[in-house]
Amino acid sequence: MGASQARTEHPYQDLMDKTGCNDMFGSKEDLASIPALDNNPLRKQIITAFFDKRNQHENQVGFFEEIGFEQFVMVMSHFRAPTLKTSEEEREVMRKEKLRFLFNMHDTDNDGTITLEEYRKVVEELLSKSGALGLEAAKAIADAAMLEVASTNVPHMAPDDFYEGITFEHFEQILKGLEMETRMHIRFLDVDTTTMRCGKTTS
Amino acid sequence: FNLFGSDADYLGLVLPAGSGRSLPGRGLLLLTVLVLLEGTVFRLGAASTPDVSGHDTKDHHKATAIGHNSTKKAFPVLDLDYGHIQTPFEISLWVLLASLMKLGFHLIPRLSGIVPESCLLIVVGLLVGGLIKIAGEKVPPVLDSRLFFLCLLPPIILDAGYFLPIRPFMENLGTILIFAVVGTLWNAFFIGGLLYAVCQIQTGNSSELNGLGLLPCLLFGSIISAVDPVAVLAVFEEIHINELLHILVFGESLLNDAVTVVLYHLFEEYSGVGTVTVMDGFLGIISFLVVALGGVLVGAIYGILAAFTSRFTSHTRVIEPLFVFVYSYIAYLSAEMFHLSGIMALIACGAVMRPYVEANISHKSHTTIKYFLKMWSSVSETLIFIFLGVATVDGPHFWNWTFVTVTVILCLVARVIGVVGLTYIINKFRIVKLTTKDQFIIAYGGLRGAIAFSLGFLLKEDHFPERNMFLTAIITVIFFTVFVQGMTIKPLVELLAVKKKQEAKRSINEEIHTQFLDHLLTGIEDICGHYGHHHWKDKLNRFNKKYVKKCLIAGERSKEPQLIAFYHKMEMKQAIQLVESGGGVKMPSAMPSTVSMQNIQPKKLPPPKTVERALPQLPKGREEEIRKILRSNLQRTRQRLHSYNRHTLVADPYEDGFDKFILKKQKIIELENKIKEMNNYLTVPAAPTDSPTMSRARLASDPQAFSVKPDSDSVPIIQVDLASPQSPDTVNVMDEFRRADQEENQGLMMRCPRGPSEPKKSEDTEGARDQQKLMRCLSDPGPSADEDEDEPFLKKEPLVCCCHC
């Protein structure tokens, strides 16, 4: 485990002790059984993201069947926030990391691009709680969004060219106004990290 | 009464001199107008002095008395009765002066870049006040507290509250509250306390300072410590700093009103008595909570009432803006009645009512509200600064070097220490930390303004013998902050390279991902079991969607999710842009790319045999979509227009059908581009025919009567009439695709005469058919009564695009 994870591990040790069960991080069904997630339109994607091997930064692809505490924390580490001491390069790295996480959530078939179909699915999921009205408009919105990405990144396409999909660079480009490194964060329990406990947990 | 006689001479002499076109000529013209107004103002001042008017009435009475007894006087053909219209006339003149000043400053380019508007306005006020004084007349008590608090301040605050960016405000609410409450308290006590200490030290020198008790000092401190929203708005508007800093300083200036109100009343009450006990302090804290929360509650109640009322205004669109204004003003007055914080009430009212009202009202009403608010707040602000200048000249002053200089220094010092200290604490809890640069701007942006002056003006002379000294000090501080800080903040912002406001428009991708992130973070928080920020926001949103929106928003819009609403708004904007750029011939300049939908759509269909269908290659999915959308639109009945009278407007074609229409429109435009690229036909530029009012008038008549306009045969045209959401023309375009489907005969679809259905040479067939089912009602019923309606975005002609289908 890297040092970066050690910082977040300690808060989660607390959390784990509180919930009292190591098998919270078991299979997908365990996570899916959390009642608070029922109202969330992105439920499936979030749960899948925990089991996605790409988010473990070990250059593997595919999905886990079960995850342990390590993997959980690894995914959580994407939601750290920069401090006043974080340098500019570190911020860049953080931002890329977070954008990569989002990208992986969208790019379900792992071909390196978000195709129109995948993007449509994303928007449809977002609007899934809004009934039929949402689904109709979802297509149009996804199309318009795709059009926008294409026109900002590849402004001049001949009529016969085909825009394959959103690559990671284009993805970064369109979301650079959002300042992801500060937006995408969770306020972890504010724990003193002086007593870090590295080492694997036993399950 | 040769008052206006001499004025007329004045007019005659001065005006012709300044009608030049060049800049010096323009400046001269402006100067003459200025001087003219000065002249009029002080002569009117002359008219309003009591002895003259008294003399006048006596004369009048004598005249009537004489008239009864003696011989009949000649019938007065032309009479002058100034007293009759005096007050409204003077008010109008002041407003006119303010507006002309505003005009003038923007005509002089170099000046408005260096000096902020507020400074110039104060100078003008000084001049006007000076002129009045020179004329020997009594300066009208312009910054009278009632006038200020009841008439001049509310428009500015309402404008700020209605257009408050809710998201950044809520995200930074904790910081803003700490600055507003703790910061102001710190300022008040620091300044008051140290002033008292200074006064005690100065025992030997001046007797005036000696008499200053602790409580009056604290009162003074509380008056002077509050950051003023009017001044902050005026200065910050011109420097365009980033949203975070703007909302921090501005939010602080709004929310510290509650603190100021409580402190002011507390110290004023007890200054007479001379002591403040701990009990009083405790009551003060409770009072603060009541004032703040009570104000917000009053505002929220009126906001909900306004939102509820707007639900039923679909038949009387004309008075929709009025509800917004009246409810807000009543909220302000109600809060002031109970000595609650009127400013917070107004902000709460505007912020609460806005999302619901905007979902209910028409587009025109929205524009009206926006422009009226901007207009009133602009004039109010201008007037306030001018009056500050006038009141400076007028007010009884008592200059005391020590007091004034110590006050100014203490204000600065207190602000800096307060901001730095509080930021240190706040940064422990913030994710986006405030850097030193930010702190500097926040501290430097703490401007004082007219509210402080009015509060000082409110003090009664008998309770507070030092009132004049206070007023002088307040004015000095105001002048210092507005002039020195106001003028130097812009170069300092440049020097320190503070982040400026991002001008980029919100894109649909950003919106999608903002929503996505919201849900994602809420989900993650739920998995952790951590009830954070996002969890509660999500809960509030769900409550809002489930209960509140259903009550307060009329019809279908209550179920519209935010993403879709945003998308429709963007579409509308794009469509408006398209219209203003003169038709779909070229893409709007914002997106200079040649990418269109065809580039994105995966090519699913093999190219059909060119003999059979020379259709542009739309994938089947696309066709299906277009068909579906059109079908759903056609099911809606067409709106009948009311005849024009004062109580109803012409039913706006931009109302209900618009959002669906826009989706359609986008597809048509994409289609058109596609076609344009695929064939080599020219597109005909927009025909310079019908004005939008005529096209709206066309809606009034029945759709059956339409004649084919004799047109050039070489290029078939289809006119897409923007003003009619259910224009059969759009149906006609799509009609070509509906080869086999016979089911779309609902609503007002016009079937094209099923002429030669077997494909001939594509262009001719389609051309002929197109020309038949052309523009509706080209023979317009004449200019309608509503031709003078102002539609800013319907200035151009409807689209004409070329389509061979």
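Which residues does Thr481(B) touch, not counting residues up to four places away in sequence? Select Thr481(B) and look around it: the partners are Gly446(B), Leu447(B), Arg448(B) and Gly486(B). Contact here means heavy atoms within 4.5 Å.

This is a predicted model, where local features need pLDDT of at least 70, side-chain atom pairs count only at pLDDT 80 or more, and totals for chains, interfaces and linings use all residues. Residues are numbered from 1 along each chain as its sequence is written, chains are lettered from A and ligands numbered from 1 in the order in which they are written, and side-chain values use heavy atoms, with hydrogens and water left out.

Stay on Thr481(B). Show helix α21 (residues 467-496) of chain B; Thr481(B) sits in it. Helices are DSSP runs of H or I, at least four residues, numbered from the N terminus. Thr481(B) counts as buried because its relative accessibility is 4%; buried means under 20% relative accessible area, with a 1.4 Å probe and protein chains only. Next, pick the backbone oxygen of Ile478(B): the side chain of Thr481(B) reaches it at 3.0 Å.

Now colour chain B by pLDDT, the predictor's confidence in each residue, from 0 to 100. The chain B average is 71. Go to helix α15 (residues 320-337) of chain B, where confidence is highest, at a mean of 93. Then go to helix α1 (residues 3-14) of chain B, where it is lowest, at 36. Select residues 1-22 of chain B: pLDDT stays under 50 there.

Last, zoom out. The predictor gives the complex an ipTM of 0.82 and a pTM of 0.68.

Key
Helix = DSSP H or I, 4+ residues; strand = E, 2+ residues; numbered from the N terminus. Buried < 20%, exposed > 50% of the residue type's maximum accessible area, 1.4 Å probe, protein only. Polar contact = N/O pair within 3.5 Å; in protein donor to acceptor, adjacent residues only side chain to side chain.
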